[in-house]
Amino acid sequence: MRIKNRGYKRVPIERGTTILYGKPFAYVVRSAVRDERCDHCLRSGKLRKCSECQYVYYCDRNCQKESWSIHKGECAYLKKISPKVIPDAARLMARIIFKLNRGGADEMGHYSEKNVRKFKDLMSHYSDIKVDAKRQEHFFSLYGVLLQCLDETLLPNAVELMGIYGRICINSFNILDINMNTIGVGIYLGASVMDHSCKPNAIAVFEGTTIIVRTLTDLPFLDWSQIRISYVDLLNSNKDRRDELHSSYYFWCDCERCKEEEPMVEAAACPNLSCDSPCSIETDECKKCGTKLSTEFKEMFRAVVDFTTHHLEEMKTMAYLDVSKICLAKQEGVMHEFNIKHVRTLEMAHIAAINLECWEDAESYSKKLIPGYLLYYGEIHPLTGLLYLTTGKIQLHLGKPKEAFKMLNKASTVLTITHGDKHTLVREELRPLIYQAVMESQNT
């Protein structure tokens, strides 16, 4: 692991500074993409199956060879349970058990020149998990899987095993590809020191299995006790974020953002079409222009919310353009443009339009989505940068190189801060698109 050589010296840290690189203590590729991603480096492409277990895939012999020290302990049991798919959490637990049995408890993850963490230093929240019915049910289901897979002599006692499970629940990172899709999950010892804020000053991105932590704001100096990342999706209400954090991590967030009022989150549009003020459905008139919110309008708003909520739930695994369009049509003039459910619907429409290669629709939804992303994610966030990049890419496809160039420059401003100019996303995706936009602009 390489650490930015600043320690706790009072040297100002500019935003966009890499403050930590880390390799995983243990990780697994998501089972849903195990035939699309190399089990070692997580790259996609033409892959080869492990000839023994027929479960994992590799880029080539080099990746298979480098992974063998990890895979050899699990290869036999993966073959034994085939064609069953082992849950990701159970496979990660098994890999951690193998590693601890081989002396992995002594492995250290640095987060500064002098500060390290070992696996035992990670919080397990054992007492909380012990009385959490859902977590207990999940734990015992994984325990049953491990009993089927592993020699019982390899398993630690129940207390130690639940401690491993707890450390995974509390400390694991979703490993993301360049499009911010989850392709794996891993434990990173050094990076696990970071606490949460809904208004983070740092971000964790990935290059393969390597975690990269970069600053989102200028800092007076590097103090790891003050570094904050977000554990949850920021495109949610204060209540939903706090509930998720409490149920998953056992604390109530009291960060600056959670204390702020949220007039937009569940807002209705003002019935006066010339007024853009968010309206609370619990009041009788718009605070800005005084337009009355009739009983009929309130009933319509609640019906649209219920309709949208139902269809957003159905589209969690697959976005449908026709359904999204119906929801958006019902929301028009009823939901405020920054209502979270409206922003989520635009997101679904955007994804579906891209999947169907409906490029005009995709561009339109991209542009409408940007203000919502700026409000909820902020100007400097990987998802905001990716939205700019995707919009620019679509505009190139539509033969709009000048518009694309402006959008891609916005993407560059964000992504060089969140990812850095050496990251694959910037080097191999963004820069070629900017070059293409420049060349095509000169030819028009």
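Start inside the protein: a search of the whole structure finds 1 cavity of 30 Å³ or more. A cavity here is a set of points on a 1 Å grid over the protein atoms alone, where a 1.4 Å probe fits but cannot get out. Grid points are joined across faces, edges and corners, and a volume is the space filled by probe spheres set on the points.

This is a predicted model: local features need pLDDT of at least 70, side-chain atom pairs count only at pLDDT 80 or more, and totals for chains, interfaces and linings use all residues. Residues are numbered from 1 along each chain as its sequence is written, and side-chain values use heavy atoms, leaving out hydrogens and water.

**Stop 1: the cavity**

Select Leu176, Asp177, Ile178, Met180, Val205, Phe206, His419 and His423. These residues line the largest cavity, each with an atom within 4 Å of a point. Its volume is about 30 Å³. The lining has 5 nonpolar, 2 polar and 1 charged residues. Ala, Val, Leu, Ile, Met, Phe, Trp, Tyr, Cys and Pro count as nonpolar; Asp, Glu, Lys and Arg as charged; the others, Gly among them, as polar.

**Stop 2: the sheet β2-β8-β7**

Now show the strands. Strands (E, at least two residues) and helices (H or I, at least four) are DSSP runs, numbered from the N terminus. Two strands pair if DSSP finds at least two bridges between them. Here 3 strands form an open antiparallel sheet in the order β2-β8-β7. At the edges lie β2 (26-29) and β7 (173-176), each pairing on one side only. From one strand to the next, the twist averages 30°.

Select residues 182-187, strand β8, which pairs with β2 over 4 bridges. Zoom in on Val29: its bridge partner in β8 is Gly184.

Which strands does helix α2 touch? Select residues 88-101 to see α2 packed on the sheet, touching β2 and β8. Contact means heavy atoms within 4.5 Å. The direction of α2 makes about 145° with that of β2. Axes are lines fitted to C-alpha atoms, for helices over the stretch in contact, and angles run from 0 to 180 degrees between N-to-C directions.

**Stop 3: the sheet β1-β11-β10**

Another open sheet of 3 strands runs in the order β1-β11-β10, again with antiparallel pairing. Its edge strands are β1 (18-22) and β10 (202-207). The twist averages 20° from one strand to the next. Select residues 210-215, strand β11: β1 and β11 pair over 4 bridges. Gly22 stands opposite Ile211 in β11.

**Stop 4: residues 38-75**

Finish at residues 38-75, where an unreviewed UniProt entry places "domain: MYND-type". Such annotations may be inferred rather than shown by experiment. This stretch is 39% helix and 11% strand, with its end C-alpha atoms 15 Å apart.

Definitions and conventions
1 Å grid on protein atoms, 1.4 Å probe; cavity = no way out; pocket = protein on both sides within 12 Å on 5 of 7 lines; lining within 4 Å.
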